[in-house]
Structure formats: C-alpha cells, structure tokens
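Here is a walk through one model, to be read with the sequence and the coordinates open. Have a look around first, then follow along below.

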Amino acid sequence: MCIRDRANTASGWRSLALCQEEQNAEFALLHWQKAHQVQGQDTDVLNIAYLQQKLNDPAAAFLSFTSLDLSVLSDEDKQNTAQLALELDELEKGEQYLLVSSADQAAWYLEAAALKRKQQQNEAALVYLNKIVRTNKEQWVRLHLQKAWIYQAMHNFPAAEQAWRAALAKAPEQAELHAGYGYLLVGMKRNKEALAHLRYAAKQPQYAKDVAIAGQVAYLSAEEQDAEDTLYWLKQSIDRQHQAEKQNALSKTELYRLKRYHQTIAKNWQLTASK
C-alpha cells in the first residue's frame with residue numbers, strides 16, 4: 001500500500017511514484033511529473049523518460065532524454081536515446097548520442113541506412129554505410145548487401161558487383177547473395193555466370209517456392225543448350241506456380257508462354273533423343 005509522505009512535496013510525489021512503478025506505470029509517470037514540477041531534478045526527467053518509453057510513447061521519451069545535458073546521462077541512457085532516434089527517424093540527433101556511448105556503431109548505422117533505403121534516399125543511406133569501420137561477419141554481409149542493392153538502384157553496376165562479391169566472399173553459402181548477384185549478372189548480359197549463381201539459389205530451401213527464379217534458371221539453361229536442365233526448371237516453375245503458397249508468381253500471360261516453351265522444348269528434346 002502506498003502512503004503519501006509529506007503530501008504535495010517533491011519527495012512525497014517521488015515516494016508515490018516509486019511505489020506505483022510496478023503496479024501502475026501511468027500513475028507513476030504522473031507522480032514523477034508532479035515531483036518535477038514542485039522541485040525539478042534530472043533524475044525525475046530520467047524516470048519520466050523511461051516510463052514514457054514503457055508506455056509506448058517513444059516521441060515523448062526521446063524529448064525527455066534529449067532535454068537533459070549529455071553529462072547527466074549514463075552510457076545506457078545514451079544508447080537508449082540513440083535507439084529511440086532510429087525509431088523516430090531523428091538520425092542526426094541520434095548519432096550524437098551514439099558517438100558518445102559504447103553502443104555498436106555498425107549495428108546502428110546499418111539500421112539507419114536501411115531506414116533511408118526504405119525512404120528511397122539512397123545517397124543518404126550510403127553516407128551512413130560508409131561510416132562503418134568495424135564489423136563482425138554478419139554485419140559485413142549486411143553492409144555489402146545494402147550497398148549492392150543501392151548501387152543497383154543507382155545503375156552503378158560495377159560498384160554493385162564489387163559489393164555482391166565482397167558479401168559472397170564472407171558468406172558463400174547464402175542463397176540470397178547468389179540470387180541477387182545472379183540477377184545483376186543477367187542485367188549485365190553475363191548469362192553463363194548468372195546461371196551458376198541463380199541455379200545454386202533456386203535449389204536452396206528459402207527459394208523452394210519462388211516461381212520466377214526457377215523460370216529464369218530454365219531460360220538461362222536453354223541458352224546454354226542444356227535441354228535436360230531446361231525441362232527440369234521449366235517444370236519446377238510451372239509446378240511452383242500452382243502451389244497454394246508461392247513467391248514471385250507469374251502473370252497469366254507469363255505462365256502461358258512458359259507452358260508453351262516447355263511443350264516446345266520437350267518436343268524438340270524427344271525428337272533429338274530419338275535420333
């Protein structure tokens with residue numbers, strides 16, 4: 001049971017706030033605010049900020065944290081403020097708190113870049129990515145994966161290729177990297193190289209329901225005059241299209257053309273095999 005100590009005094013409101021924090025965060029927040037109104041302390045603002053965050057009001061929490069002088073904040077407070085800045089797209093201010101904390105800078109810059117990419121601000125995304133100095137393996141791959149997609153969107157294909165290759169050098173087993181690089185190579189008219197990467201990706205579990213990649217592998221196999229592989233991947237694409245759960249489905253027109261192509265290749269293959 002909470003008993004008000006010295007009603008209407010700052011210490012009284014603080015006692016009530018501490019008593020209420022576990023049971024009723026909204027009441028605790030009101031009591032901390034009352035205490036601060038009567039006799040403001042930096043600790044009041046910090047408690048207010050964390051309760052605002054707990055009550056899913058990140059904008060209010062961010063304003064509370066940033067109203068305090070940096071010297072008042074602990075390392076945890078600074079890291080928390082930097083993370084709130086990511087949620088609120090307050091990146092310029094958030095970076096100030098990041099740089100004076102022990103937070104993982106690479107992780108923060110990767111998230112900041114992803115946010116800017118989502119907003120189609122590729123130049124701004126690159127600025128953040130280029131600030132990354134140290135990474136672990138996973139971050140290295142994420143860094144170059146983001147760069148690859150950005151450079152492709154900017155039609156800077158040599159830079160995109162360099163980024164894909166850098167990512168693949170660290171994680172040659174990742175199907176997503178092979179698929180992305182393979183599609184880039186298709187765009188660069190380097191189909192034989194593209195086929196190897198796309199075929200690898202298409203065989204992996206995460207692409208087992210992808211209709212388009214199977215069709216792409218089929219067409220590239222046909223260019224290489226590999227009838228057996230062509231037929232296999234055409235059938236894969238058609239079968240995947242008819243699954244209830246699928247990814248990158250074909251339009252009715254694309255499916256019709258694929259089926260006709262499959263029939264033609266199958267007929268020619270049978271004729272060749274009978275000779």
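Contact here means heavy atoms within 4.5 Å.

Some ground rules before going on. This is a predicted model, in which local features need pLDDT of at least 70 and side-chain atom pairs count only at pLDDT 80 or more, while totals for chains, interfaces and linings use all residues. Residues are numbered from 1 along each chain as its sequence is written, and side-chain values use heavy atoms, with hydrogens and water left out.

**Overall build**

The protein has 15 helices and zero strands; helices (H or I, at least four residues) and strands (E, at least two) are DSSP runs, numbered from the N terminus. Its radius of gyration is 28 Å, well over the 19 Å that the globule rule gives for 275 residues, so the protein is more spread out than a compact globule. For the record, that radius is taken over C-alpha atoms, and the rule is 2.2 Å times the number of residues to the power 0.38. Along the principal axes, the C-alpha atoms fill a box of roughly 105 × 40 × 25 Å. Among contacts between residues at least 6 apart in sequence, 48% join residues at least 24 apart.

How much of the protein is buried? Of the 275 residues, 43% count as buried, where buried means under 20% relative accessible area, exposed over 50% and partly exposed in between (1.4 Å probe, protein chains only).

**The cores**

In soluble globular proteins, nonpolar side chains tend to be buried together. A nonpolar core is a set of buried Ala, Val, Leu, Ile, Met, Phe, Trp, Tyr and Cys residues joined through side-chain atoms within 4.5 Å. The largest one has 67 residues, and Trp108, Tyr128, Leu129, Ile132, Trp164, Leu177 and Ile213 touch the most other members. A second, separate core has seven residues, among them Ala25, Ala28, Leu29 and Trp32.

Helix 8 (residues 122–129) brings in two of those names: its buried residues are Asn122, Ala125, Leu126, Tyr128 and Leu129. They cover an arc of only 160° around the axis, which puts them on the same side of helix 8; the arc is that of the directions from the helix axis to the C-beta atoms. What covers them includes helix 6 (91–99), helix 7 (105–118) and helix 9 (137–153).

Helix 9 is also the place of Gln146. Not counting residues up to four places away in sequence, Gln146 touches Leu110, Ala113, Ala114, Arg117 and Leu129.

**Rings**

Rings of Phe, Tyr and Trp (its six-membered ring) pair if their centres lie within 6.5 Å; planes under 30 degrees apart count as stacked, over 60 as edge-to-face and the rest as tilted. By this rule the count comes to seven aromatic pairs. Tyr232 and Trp233 have ring centres 5.0 Å apart and planes at 85°, so the pair is edge-to-face.

Trp108, Tyr109 and Tyr128 form one aromatic cluster. A charge also meets a ring: Lys170 lies over the face of Trp140, at 5.6 Å from the ring centre. That label needs NZ of Lys or CZ of Arg within 6 Å of the ring centre and within 35 degrees of the ring normal.

**A few single residues**

| Residue | Relative accessible area | Class |
|---|---|---|
| Gln146 | 7% | buried |
| Gln105 | 33% | partly exposed |
| Ala171 | 0% | buried |
| His178 | 11% | buried |

Gln105 is found in helix 7. Beyond its neighbours within four places in sequence, Gln105 is in contact with Leu98 and Leu99.

Ala171 sits in the loop between helix 10 (157–170) and helix 11 (175–187). Apart from residues up to four places away in sequence, Ala171 touches Lys137, Val141 and Leu177.

His178 lies in helix 11. His178 and Glu22 are 156 residues apart in sequence and 50 Å apart in space, C-alpha to C-alpha.
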